[in-house]
Amino acid sequence: MKRTMMSLIGVAVALAAVSGVAAVAGPDGGDPDAPRGGARLPVQRSALLCPAPTSSEVGETAYTAFAPAGAAAGADGKKGTAQLLPAGTVKDAGGAGDGKGRKNSKGGKGGKGSGADSAAGQTTVAPRDTKPVVPLKRAGLPVSTTTDSPDAPALVGTADGTLAPGWTVQQTTSVAAGAGRGLLGLGCTTPDTTFWFPGVSTANDRQDYVHLTNPDSTPAVVDLELRGKDGALGGSAGEDISVPPHTTVPVLLSTLANSPTTNASLHVVAREGRVGAAVQASDSKLGSDWLPAAADPSPRVVLPGIPKDATSVRLVALAPGESDADLKVQLATPTGLITPAGLETLHLKSGMTTAVDLKNLTKGEAGSLVLTPSDSGSKVPVAAALRVTRGKGGNQEMAFIPATRPVEKRASAVDNRGKDSTLSLVAPEKGKDAKVKVTASAGSGGGTPVTKTYTVKGGTSLDVAPPRPTGLKGSYALTVEPESGSGPVYAARMLSRPQGGVPAFTVQPLPDDRGSVLVPTAGQDLSVLTN
C-alpha cells in the first residue's frame, strides 16, 4: 500500500508540471527530497486572486503585475498569457457588501446562477466592467494601472506558458483620510483550502473583514473559526458560508464572535472547492492595512522585516494542534541573535491565541523575529504574525508581518518606486550564511535592469535600500534568488509613503514563488522516496 501511495503522489506531481498551478510546486524541503533522476520544470499555469481594495471615496489603488525573465517555454511551446478579470460580489438584501457570514440557504451547497440569491437575504452582483486588468505581454517587464473607484471589484485570473512561473501581482492602496486611512499593500494570493490569520481582532476599535474569493466555476463552501485566549470564539455563525463561482464574499469578523476580542486568530477552511483569502484590518487610531495569511504552521517560525523605527511590536501566535508549544524568542539583528528582555521563552496553549507586546523591540535597529522550539526535538506546529506600529500620538500607522516561507529558489516584490522601498533579508541559522542575488527589473515605463549580490551572515538580519534600475521610469520589480550553496534565507519588502505627518507604510513578506515543480522521469519507481 505504501509503495502504491507514493506512486500516485509521483503521478500527481508529474501532472502538476503540465496543468497545475504555482501553489502545487515542489515540497518545502527542496531538491534533496526529489526522486532520483527527476527534473525541476517550470509550472505551466498559475492562479492569483486580489480582493476588492477599498470602499473609500478618497482611495487610489495601483495594480502591478510581473513575471521574472528567464523561464523556459513550457512543454506546449506557448509564450504565455497572464491577466486578471473582475469578479462578482455578494451583497446583502440592502445592497451593502457587509458579508455577515450568513449560511447558505441550501445547507452549504451553493447554487450555480450568477446574480441569483446565493445565500439567505444575499445576491451576487456582477462586475460593471469585464475588461482584463494588468495583462502581461512579456516576462521581465512590470505592467501597472490605477483606479480611484470605491467600487473597484475583486480580481481573479491565471497565467500560463512562460508567464506562469513566478507570476506576481501587487495591489497598493493609498487612503488619504477617514477611519481606513493609510497605505494598504497586498501580494495577490493563490487559491487554497486552508489559511491561518493570527492577529485579527473583533474589538470595538477595529473593523476586520476577511475577503473570500472563488476563482472556479463551481461554488465553494467555507468555514470560519475564531480563536481567542481561551479557545474558540462564538458559535456556528461562521459555518457553511457559500462563495459563488468567480465571486468574492467579505465577512465582518465581529459578527462571528459573541463579545469583542482584541487579539484573535482566524482559521479559514474551504470544505468544498477552494478560495483566496486575505484580511483587511482597519483601526480607529492606527489606520489600516492588509493582513496576509501566515505560512502553514511549523515548529520554526520566521517573521522578517521589522523596521528600525517601529514604536511598538505585538506578537500574536497559537499552536493549532493538540499539543502546547514552548518557544525560544529571538530577534535577528545586523550583529546577531538576541533575546528580548523578559521574554526568554513563550508558552502557547493548544488551540488558544497568545499575544505579547514587545514594545520598542528593535531599539533603532531593524530586525526579524525568530521563534524556535525550546526543546530542539519538538515538532509542535505554530502560526504567528506581528502587528507593527510606526509614529507617535495621532500620527501612528500599523502594518502586519505574518510568518513566511523561506526563499528557496526565487521570490519577487513589485510596485517599487523611487526610494520608497526597503528590502529585509534574514539568515536565521548560525553558521549558515546566505548569499542572495537581487535583481531590479526594468521600470514599467523604461529603464535598464540592475543586479546586486548580498551576503547575510548566519544568525543576522540585513536591511538595505535595494538596487534601482538605471534610468527608471514608472515602477519596478525586485527578484530575490539565493545562490547555490546558500544557507536558508527569508525576505520581506517595506514600502514607505508618508501621508502628511503620518509615516504610512506596508510590509509584504516574500515567500518562495513556487514557480517550478519536481517531475520524475518516465517509468521511474517512486518507491525510492520511502527509503
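Asp357 is partly exposed, at 47% relative accessibility. This residue belongs to strand β27, which covers residues 353-357. Beyond four places in sequence, Asp357 touches Val313 and Arg314. Val313 is 44 residues away along the chain, yet the two C-alpha atoms are separated by 6.1 Å. Asp357 counts as partly exposed because its 47% falls between the limits of 20% for buried and 50% for exposed.

The model is a predicted one. Its average pLDDT is 86, and 84% of the residues score at least 70. One is residues 73-77, where pLDDT stays under 50 and the model has five contacts beyond four places in sequence. The other is residues 93-120, again with pLDDT under 50, for which the model has 61 such contacts. Where pLDDT is low, the predicted coordinates should not be read in detail.

The protein contains one helix and 41 strands. It has 531 residues, and 55% of them count as buried. Among contacts with a separation of 6 or more, 82% are between residues 24 or more positions apart.

The largest nonpolar core holds 32 residues. Leu303, Ile306, Leu369, Leu371 and Leu386 have the most contacts inside this core. Leu386 illustrates the packing. Leaving aside residues up to four places away in sequence, Leu386 touches Leu303, Ile306 and Leu369, among others. Its partners also include Val313, Arg314 and Leu315, as well as Ala399, Phe400 and Ile401. Another core, of 31 residues, lies apart from the largest one. Phe195, Phe197, Leu253 and Met398 are among its members. In soluble globular proteins, nonpolar side chains tend to be buried together.

Three cavities of 30 Å³ or more were counted. The largest cavity has a volume of about 60 Å³. It is lined by 14 residues, and those closest to its centre are Gly199, Arg314, Val316, Arg387 and Phe400. Three strands each supply at least two lining residues: β13 (194-200), β23 (310-318) and β29 (383-390). By class, the lining of the largest cavity comprises seven nonpolar, four polar and three charged residues. Arg314 links several of these descriptions. It is touched by Asp357, it is touched by Leu386, and it is among the residues closest to the centre of the largest cavity. Phe400 is also touched by Leu386 and is also listed at that centre.

The lining of the second largest pocket divides into 21 nonpolar, 17 polar and five charged residues.

Pro51 sits in the loop between β2 (45-50) and β3 (59-66). This proline is buried because its relative accessible area is 5%, below the 20% limit. Pro51 touches Ala154, Gln171, Leu186, His211, Ala278 and Trp290, with residues up to four places away in sequence not counted. Thr189 is 138 residues from Pro51 in sequence, but their C-alpha atoms are 9.0 Å apart in space.

Two loop residues have positive phi values. His246 has a phi near 50°, a positive value in a residue other than glycine. It lies in the loop between β17 (241-243) and β18. His246 is partly exposed, with a relative accessible area of 39%. Lys363 is not a glycine either, and its phi is positive at about 50°. This lysine is placed in the loop between β27 and β28 (367-373). Lys363 is exposed, because its relative accessible area of 67% is over the 50% limit.

How values were computed: Residues are numbered from 1 along each chain as its sequence is written. This is a predicted model: local features need pLDDT of at least 70, side-chain atom pairs count only at pLDDT 80 or more; totals for chains, interfaces and linings use all residues. Side-chain values use heavy atoms; hydrogens and water are left out. Ala, Val, Leu, Ile, Met, Phe, Trp, Tyr, Cys and Pro count as nonpolar, Asp, Glu, Lys and Arg as charged, and the others, Gly among them, as polar. pLDDT is the predictor's confidence in each residue, from 0 to 100. Contact means heavy atoms within 4.5 Å. A nonpolar core is a set of buried Ala, Val, Leu, Ile, Met, Phe, Trp, Tyr and Cys residues joined through side-chain atoms within 4.5 Å. Buried means under 20% relative accessible area, exposed over 50%, partly exposed in between (1.4 Å probe, protein chains only). Helices (H or I, at least four residues) and strands (E, at least two) are DSSP runs, numbered from the N terminus. On a 1 Å grid over the protein atoms alone, a cavity is a set of points where a 1.4 Å probe fits but cannot get out, and a pocket is an open set with protein on both sides within 12 Å along at least five of seven lines; lining residues have an atom within 4 Å of a point. Grid points are joined across faces, edges and corners, and a volume is the space filled by probe spheres set on the points.
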